[in-house]
Every structure is written in structure tokens, then in C-alpha cells.
Amino acid sequence: FVLRFAPDGTLVSQQVRAGARGQVIAVGPDGNVYAAGVAPRPGAFFEFDMVLLKLDPQAMLVWQRAYATAEVADARGGVTVAADGSVYVAGGIQEVTPRGSAVNDTVIAKFGPDGDLIWDRGFGGASGDFPGGVVALADGTILIGGETASFGAGSDDAFLLQVDARGRGIVCNSWGGQGLDHGDDVDVAADGTIVLGATTDSVPPFTFAD
């Protein structure tokens with residue numbers, strides 16, 4: 001559900017999308033609201049799709065889209081809106097291999113202002129790699145923070161990935177020690193400084209690596 005409140009806390013409107021679990025929300029430069037989450041895949045057993053809803057400033061539904069890949073696709077990493085109205089959702093995908101092991105990767109999907117899927121890209125390695133935040137920069141590039149068990153110094157490290165507006169990777173760095181280190185969110189300050197919020201149970205020294 002999406003609730004809209006007045007500045008004094010009074011409830012103005014509410015919208016419910018039955019059968020879906022909301023995970024993330026963002027407000028675009030034009031005041032439109034984008035809510036994303038996960039919903040059961042029609043006709044499938046224990047399979048789920050990413051869902052994305054666009055609401056106008058009065059919280060009326062403009063469109064909704066479902067994105068399906070692997071056995072599970074969600075929106076856990078967040079949603080962000082670029083200056084041109086493009087919408088980026090960072091999610092996790094999960095699929096069981098024929099040998100019975102699970103493949104867990106990050107997926108970034110770009111939607112146009114009309115809800116059309118423009119591209120989707122995956123990021124990951126041999127182990128689990130999940131997003132924990134996404135933000136669109138003024139230069140058109142996208143930052144995704146998260147956690148990786150495929151790369152870095154420890155069993156889980158925080159990662160920061162930058163891709164261009166076409167989804168091509170520009171740079172990716174990891175940070176962490178020998179314990180569990182998770183990137184939980186990312187944002188950019190007014191002076192361009194990038195801030196990655198994370199949790200760690202490692203002790204120094206920490207490794208910052210490509």
C-alpha cells in the first residue's frame with residue numbers, strides 16, 4: 001500500500017495493490033510516486049515477479065508493470081528516478097540450478113516514463129550478490145550499493161557499482177574485512193560526495209578493492 005499524508009500528518013489518500021508486497025518507494029522530480037515490490041507470479045508455484053507502480057501526485061494509479069526473470073525477482077535494492085523521467089529498479093533474482101544450488105544476483109532494470117522496459121542488466125558471480133540501494137546521478141549514471149559474496153576480501157563484502165544510462169558497467173569497488181559486510185544504502189551529497197551506508201561484523205584491517 002501507498003499512503004499520502006499532509007504536512008501536518010493528516011492522511012490524504014491511500015492506494016492498495018492487492019496480492020503484492022511493497023518494498024521501496026521514490027518521488028520523481030515532477031512529483032509522481034514510484035512504488036516497487038514483489039508479487040506472486042500468475043500460474044506459478046513459489047515464483048515471484050518484481051512489480052512497479054507509478055502514481056500521480058494525487059496518488060492515483062497511472063500504470064503498473066510486472067518484471068519476470070529467474071524464479072524470483074524482487075525490488076529489494078530500491079527505486080530511483082532520473083532527471084529525464086527514467087525509472088531504475090535494483091532488485092535481487094534467485095534461481096535454483098539443476099544441481100540444487102541457488103544462484104543469487106543483482107538485477108538493474110530501466111523503465112521509461114511510460115513504463116516500457118528499456119533494458120535490464122545482471123551483476124554477480126559464483127555466490128550471492130544482492131543490492132542495498134540505488135541512486136541516479138546528474139550525469140546520467142547510476143550507483144548501486146549492495147553486498148557481494150563473489151568478490152572482495154571476505155565471505156561478504158559491501159560493493160559499490162556504477163553503470164551508465166545504457167546499463168554498461170563503469171566501475172565496481174568492494175569494501176570489507178574477513179567477516180560479513182553488507183552495503184545497505186547509497187546516496188550522493190550536494191557536493192558530489194558518495195556515501196555508502198553499511199553494516200559490518202569484521203574488524204580492521206578493511207580492504208577497498210576494484
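This note walks through some features of the structure above, point by point.

1. **Before you start.** This is a predicted model, in which local features need pLDDT of at least 70, side-chain atom pairs count only at pLDDT 80 or more, and totals for chains, interfaces and linings use all residues. Residues are numbered from 1 along each chain as its sequence is written, and side-chain values use heavy atoms, with hydrogens and water left out.

2. **The largest nonpolar core.** A nonpolar core is a set of buried Ala, Val, Leu, Ile, Met, Phe, Trp, Tyr and Cys residues joined through side-chain atoms within 4.5 Å. Buried means under 20% relative accessible area, exposed means over 50%, and partly exposed lies in between (1.4 Å probe, protein chains only). Which residues touch the most other members of the largest core? They are Tyr34, Met50, Leu52, Val79, Val89 and Phe111, out of 18 residues. Strands S3 (21-27), S4 (33-40), S5 (48-55), S6 (61-67), S8 (78-81), S9 (87-96) and S10 (102-111) each give two or more residues to this core. Strands here are DSSP runs (E, at least two residues), as helices are (H or I, at least four), numbered from the N terminus. Apart from this core lies another one, of 12 residues, including Tyr88, Ile108, Ile142 and Val163. As background, nonpolar side chains tend to be buried together in soluble globular proteins.

3. Contact means heavy atoms within 4.5 Å. Val51 sits in strand S5 and is buried, with a relative accessible area of 4%. With the neighbours within four places again set aside, the contacts of Val51 include Arg17, Ala20, Gly37, Val38 and Arg65. Val51 and Val103 are 52 residues apart along the chain, and their C-alpha atoms are separated by 21 Å.

4. **Aromatic pairs.** Rings of Phe, Tyr and Trp (its six-membered ring) pair if their centres lie within 6.5 Å; planes under 30 degrees apart count as stacked, over 60 as edge-to-face, and the rest as tilted. The structure holds 6 such pairs. Tyr34 and Trp63 make a tilted one, at 6.4 Å centre to centre with 55 degrees between the planes. This pair links distant parts of the chain, with Tyr34 in strand S4 and Trp63 in strand S6, 29 residues apart. Both Tyr34 and Trp63 are buried.

5. **A second tilted pair.** The ring centres of Phe123 and Phe151 are 6.0 Å apart and their planes meet at 40 degrees, so this pair is tilted. Phe123 belongs to strand S11 (residues 117-123), while Phe151 is in the loop between strand S13 (142-148) and strand S14 (157-163), 28 residues apart. Are the two partners buried or partly exposed? Phe123 counts as buried at 14% relative accessibility, whereas Phe151 is partly exposed at 39%. Together with Phe159, Phe123 and Phe151 form one aromatic cluster.

6. **Salt bridges.** A salt bridge is a side-chain nitrogen of Lys or Arg within 4 Å of a carboxyl oxygen of Asp or Glu. By this rule the count comes to 4. Arg41 and Glu47 meet in one, at 3.0 Å from N to O; Arg41 is buried at 14% and Glu47 is partly exposed at 24%. Arg41, Glu47 and Asp49 are linked in a network. Asp74 and Arg76 form another bridge, with the closest N and O atoms 2.7 Å apart.

7. **A buried Asp without a bridge.** Asp129, in strand S12 (residues 129-136), is buried yet has no salt bridge. The nearest side chain of opposite charge, Arg76, is 11 Å away; Lys and Arg count as positive, Asp and Glu as negative, and His and the chain ends are not counted. What does the side chain of Asp129 make a polar contact with? The partner is the side chain of Thr148, at 2.5 Å. A polar contact is a pair of N or O atoms within 3.5 Å; within protein, one must be able to donate a hydrogen and the other to accept it, and residues adjacent in sequence count only if both atoms are side-chain atoms.
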